[in-house]
Amino acid sequence: MQVTITVERGQLVGETLNRKFSPSEKKAMQFAELKHEGQKRIGGADYINHPIQVAEYLYDHGYRGKYVFTAFCHDLLEDTNATEEEIFDLCGRFTRDAVKLLSKLENQETEQYLSEIKKNEVAYVVKVADRIQNLLDSEFADLEFREKYVKETEEYYLEFAKDSPFYRDLVRVLKCIKIQNMKEKNMVMIHSVELFHMHEDFYVLLGYVLEEEPILLSCLIHEDSAKCIGDAERIPLELYAIPKSDVKLYRDERAYFEDSDNIFHHESIAAGLKSIEINDEVLPAPESFLTGVVEGVIDSEMLGDAFDENTYLVYVHLLGMTVLVEVSKNDIIEPAVGNILSGIFDMYARV
């Protein structure tokens, strides 16, 4: 089972073809464009794209006037030479006051910053929309930045945004970015790769995971992915697994170690519990014993029609890599972060 998840910006930003900003709103946009001239965002886009996206998001949700003014101007005091007087003369006191609150002071604690914003309805509405757009833009940043941004959002902004009309959008985008992070962490480098045609469109891939104390890994790979490998000796693969038999899910590490029937009491990945014969070659079978910690759970709301209602999809971390695993809902314990998953799995991969 293979699932691809993408963040559809248009579903959240509201790609409406018939936006008609008022003359006053257009003046605010032009002023912001002038002040942000030459500035760039993550990924190299012009900075002005960000306030425009925040303004468009608010426009599409029925917020006009002072909300749109504030969206266009919300970063001016922090990031440009614009003054409070200029913002007041162009957009009025509601926008000036909101932009002042949205401009974080040096050494200001995040809790205090958000607390003050929540006292101003315009600033509050714009700030939640701003966080949604910033999360979307973080997909162009590296994994370390995205993980820090996700942590900050969970620690401060989820509670802050609970009274906002955009709370569900914030949660949805946050989940998408977390899944993107997990998928990137799910890429593992395979060394000394060998391919053996198995049947129909599938190959058995043999290689070693990790450079120190390498572990043999055997998995199935579709011929489309096999064509991408060529003669390379180091291949980044995305691994996913489907339970084969004897799969157990434990509430925590303590419950795992207390199971006297389980002899694999360590985080592990072991290929070749069985062997298969292909073209007179005896090879490790593409099934493995896996034991690891659940790092994330993908829920049905994120997967839509692609989701099998009888399974969960969870990310399991083991020995320096992360594997996407399908887990049956027949298990007694509903998967959650921190669970220990252990058992025999069929292993699949894609480039």
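Q: Is Tyr-157 buried or exposed?
A: In this predicted model, Tyr-157 counts as buried, because its relative accessibility is 4% and buried means under 20%.

Q: And Phe-160, buried or exposed?
A: Phe-160 counts as buried as well, with a relative accessibility of 6%.

Q: How far apart are Tyr-157 and Phe-160 in helix 10?
A: They are three residues apart in helix 10, which means that about one helical turn separates Tyr-157 from Phe-160.

Q: OK, other rings now: how many aromatic pairs are there in the whole structure?
A: A search of the whole structure gives eleven aromatic pairs. One of them joins Tyr-63 and Phe-166, whose ring centres are 5.7 Å apart and whose planes stand at 75 degrees, so this pair is edge-to-face.

Q: Where do Tyr-63 and Phe-166 lie?
A: Tyr-63 is in the loop between helix 3 (49-60) and helix 4 (66-73), while Phe-166 is in the loop between helix 10 (143-160) and helix 11 (167-185), so the pair ties together parts that are 103 residues apart in sequence. Both residues are buried, and together with Tyr-57 and Tyr-67 they form one aromatic cluster.

Q: Switching to helices, at what angle do helix 2 and helix 6 pack?
A: Helix 2 (residues 23-35) and helix 6 (residues 84-91) pack at about 155 degrees, with their axes 10 Å apart. That angle makes helix 2 roughly antiparallel to helix 6, since angles over 145 degrees count that way.

Q: Which residues meet there?
A: Lys-27, Ala-28, Phe-31 and Lys-35 from helix 2 meet Glu-86, Ile-87, Leu-90 and Cys-91 from helix 6. By class, this contact has five nonpolar residues, three charged ones and no polar ones.

How values were computed
Residues numbered from 1 in each chain as written. Predicted model: local features only at pLDDT ≥ 70, side-chain atom pairs only at ≥ 80, totals over all residues. Heavy atoms only, no water. Axes fitted to C-alpha atoms, helices over the stretch in contact; angles between N-to-C directions. Helix = DSSP H or I, 4+ residues; strand = E, 2+ residues; numbered from the N terminus. Parallel < 35°, antiparallel > 145°, perpendicular 65-115°, else oblique. Contact = heavy atoms within 4.5 Å. Nonpolar A, V, L, I, M, F, W, Y, C, P; charged D, E, K, R; others polar. Phe/Tyr/Trp six-rings, centres within 6.5 Å; stacked < 30°, edge-to-face > 60°. Buried < 20%, exposed > 50% of the residue type's maximum accessible area, 1.4 Å probe, protein only.
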